[in-house]
Amino acid sequence: MTQLQPTTTPARRRPDRGDVVLFSAITLAGAGLDLWSKYAVFAWLGGKIIPEHSLIDGFLQFIVRENTGAAFSVLAGKTWLFVAISVVALVVVNGMFVRGKLHPRLMVAAVACLNAGILGNLYDRLFNDGRVRDFIDVYIGDHHWPTFNVADSLLCIGVGLLILLSVITSQKAQDGH
């Protein structure tokens, strides 16, 4: 007679104190820096006749812009869509964190960057008539990269870190580690 072994589910890894501190610190500092920088630059330059200030001539300036779309003004005016996507993304990101699905710690940092970026731009969409405030203008001559903000930078950093982690994990799997 065969004896049945009880099935066990793997123990869920809860975020430890270090994860909570890291996730919270990056989220709060990132979203806070985004909102503060938007407020400060728009208050400073918003009343000027020419709302721009060169930081590095020929390369970087602050300039007042508002965007009702996503990157490169894609789907401009679809505020409800961006709000819905942002809310779903926040639920997923924070749910993954709370359920302990984020490890190693670099993944916690990456997802916290995403969280902060989503929060910063969602705030603008909700409290600035659907317009996200952008002010960082990188350019060479007459060629300008689309104007962006700190939240956009945090989103790119988060995605970049996730891609890096994916490459590292894939490389370790191929090496047999």
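I began with Asp 129, which sits in the loop between H3 and S3; helices (H or I, at least four residues) and strands (E, at least two) are DSSP runs, numbered from the N terminus. Its phi is near 55°, a positive value in a residue other than glycine, and Asp 129 is exposed, with a relative accessible area of 67%; buried means under 20% relative accessible area, exposed over 50%, and partly exposed in between (1.4 Å probe, protein chains only).

I noted that this is a predicted model, in which local features need pLDDT of at least 70 and side-chain atom pairs count only at pLDDT 80 or more, whereas totals for chains, interfaces and linings use all residues. Residues are numbered from 1 along each chain as its sequence is written, and side-chain values use heavy atoms, with hydrogens and water left out.

I looked up other backbone exceptions next. Most residues other than glycine have a negative phi, and most peptide bonds are trans. Leu 75, in the loop between S2 and H2, has a positive phi of about 55° although it is not a glycine, and at 44% relative accessibility Leu 75 counts as partly exposed. The peptide bond from His 103 to Pro 104 is cis, with omega near 10°, and Pro 104 lies in the loop between H2 and H3.

I then turned to H2 (residues 79-98), whose 20 residues reach 28 Å from first C-alpha to last, close to the 28 Å expected at 1.5 Å a residue (1.5 Å times one less than the number of residues). Its buried residues are Phe 82, Val 83, Ser 86, Leu 90, Val 93 and Phe 97. Seen down the axis of H2, these buried residues fall within an arc of 100°, so they line one face of the helix; the arc is that of the directions from the helix axis to the C-beta atoms. Trp 80, Val 88 and Val 91 are exposed on the other side of H2.

I also checked the strands, where two count as paired if DSSP finds at least two bridges between them. S3 (residues 132-140) has 7 of its 9 residues buried. S2 (residues 60-67) pairs with S3 in the antiparallel sense over 6 bridges, and Asp 137 in S3 is the bridge partner of Gln 61. S3 and S4 (residues 143-144) are likewise antiparallel, over 2 bridges, with His 143 in S4 as the bridge partner of Ile 140. In the hairpin of S3 and S4, which has 2 residues between the strands, Gly 141 takes a positive phi near 60°.
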